[in-house]
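Let's take a walk through this protein together. Keep the 3D view open as you read, and try to find each spot as it comes up.

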Amino acid sequence: MTDQVVLQAKGLTKRFPGVLANDKVDLTLERGKILALLGENGAGKSTLMNMLYGLYHPDEGEIWIKGEKVELKNPRDAIDRGVGMVHQHFQLVPVMTVTENVMLGSEVTRSGRLDMRAAEKRVLELSQQYGLKVDPGATVEDLPVGTQQRVEIIKALYRQADILILDEPTAVLTPQEATELFRIMRELTERGVSIIFITHKLKEVLAVADNIAVLRGGRMVGTADPKTATQATLAELMVGRKVILKVEKDAPQPKEIVLRIQNLHVLDDRKQTAVEGVDLEVRAGEIVGIAGVQGNGQRELVEALTGLRPVEKGSVTIEGHDCTHVTPRQVTELGVAHIPEDREKHGLVMQYSVADNMVLNNYYQTPYASGPVMHQEAIDRHGTELVEEFDVRTPSIHTVARTLSGGNKQKVIVAREFSRPTKLLIAAQPTRGIDVGSIEFIHNQIVAQRDRGVAVLVVSAELDEVLGLADRVAVMFDGRIVKTLPIAEATRERVGLLMAGSEDA
């Protein structure tokens, strides 16, 4: 091992009951470099990183850090050797301040008391040194997602980490926040920090990585140079087949209005106006995409349309039925399918099996129940059919949902929502945090719904996704729809200006 190599995995293997998660995986990270680790959901990326961080113990193989063979019994062992990890779901205490979160577990004391002033000074020094703008005294729950991520990075640097593992760091970020994160990553590497960057987003890999490694089916199947690789070659390496990255669809055949929103006003959790005077129509056989930087009222709009949030003022009709103040079950029974933004909070019951999650919205109907009596055989048969039809990668229909990868959790929701008669589909962030193969599959399913005559409303923070799927684009800014454009007029530049609040676009 040379001085330039700071971390190396040699033949790492990890087995779980019925699953070979990692099979003799080799990985090399060099000092001051960004190594992008690509792979489909379930390819073994998280398992590999959890071994490098001491959360899992390998069944076979070796881990070397800075020239020394190590046995990581727990994350503290990894931290002590300069390894820090920023998880996809942040490990922060919302009600505590930035400084309190950063020093938690590494408290500074003076005369037997917490030395908050010294900790706050160190947080400020780190934030200034690496361009991580953050207020040490701010309460974490009041911070935007991008700033919370900076807190996680500062937390690792505070513990003197010079090897950073970033697990899907852009999955919850706006494009602007992602660009800022890449600037920070470059700043870190220029100061000698080495980074493993786990992502599904091929464009990001090509923009920021120094080296690329690809996992498939638990095995390391290849490496690539970002200077010569393309999105197409990386996608094929990940999935093992050619992947169509562009959404293929025929011209729409819009018919009658299915969803009509008039002068809609909705409040956020703090009782402030989040949606203000929105007017929108979606017709059968068309896809309307809502573009906008996250936090401009999209979440509150979707929750109001699906009965998850009360409407303050205005009206919502579906095929002429007034749905302004209805429950989620009533919305479902009107033929509305909903892919929620937060799949774990609103899309699945995590401790339920795959089969039981497939009938969450119609478990009380025949053939799955007779009165209070559930028919598990019918539920299991339905689950088996959908797992096969929608390519859900699960050991069994009885596997609990929380053990599935992100892409397979999303496929369970898509299978459930698309497997019953639907008039309106509302899809919020339908491909957030999932791999390129699953994205292709879900996009094709959404287009297929449109072609069956379903009215489709897609809300996404990914501008490429909106422009790829939509027949019309409605741009949302500051709680309002500022303009609706036919797709032929919705250029990236024009929509980007509208998303930033420009009135001249």
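## Getting started

Helices (H or I, at least four residues) and strands (E, at least two) are DSSP runs, numbered from the N terminus. The model is predicted, so local features need pLDDT of at least 70 and side-chain atom pairs count only at pLDDT 80 or more, while totals for chains, interfaces and linings use all residues. Residues are numbered from 1 along each chain as its sequence is written, and side-chain values use heavy atoms, with hydrogens and water left out.

Most peptide bonds are trans, and most residues other than glycine have a negative phi. Now look at the bond from Thr-366 to Pro-367: it's cis, with omega near 5°. You'll find Pro-367 in the loop between helix H12 (354-357) and strand S19 (369-370).

Asn-263, in strand S13 (residues 257-267), has a positive phi of about 50° although it is not a glycine. Lys-271 also has a positive phi, near 65°, and sits in the loop between S13 and strand S14 (273-283). Buried means under 20% relative accessible area, exposed over 50%, and partly exposed in between (1.4 Å probe, protein chains only). Asn-263, at 33%, is therefore partly exposed, and Lys-271, at 63%, counts as exposed.

## Nonpolar cores

A nonpolar core here is a set of buried Ala, Val, Leu, Ile, Met, Phe, Trp, Tyr and Cys residues joined through side-chain atoms within 4.5 Å. Which members of the largest core touch the most other members? They are Met-185, Leu-188, Ile-195 and Ile-212, out of 50 residues. A second, separate core has 36 residues, including Met-350 and Val-456.

## Salt bridges

How many salt bridges does the structure hold? There are 36, each one a side-chain nitrogen of Lys or Arg within 4 Å of a carboxyl oxygen of Asp or Glu. Arg-122 and Glu-125 make one, at 3.3 Å from N to O. These two are three residues apart in helix H4 (residues 116-129), so about one helical turn separates them.

Glu-281 and Arg-260 form another, with their closest N and O atoms 3.3 Å apart. Because Glu-281 lies in strand S14 and Arg-260 in strand S13, this pair ties together parts that are 21 residues apart in sequence. Glu-417 and Arg-420 pair up too, at 3.1 Å between the closest N and O atoms, and both are buried. Finally, Asp-269, Arg-299, Glu-300, Glu-303 and Arg-309 are linked in a salt-bridge network.
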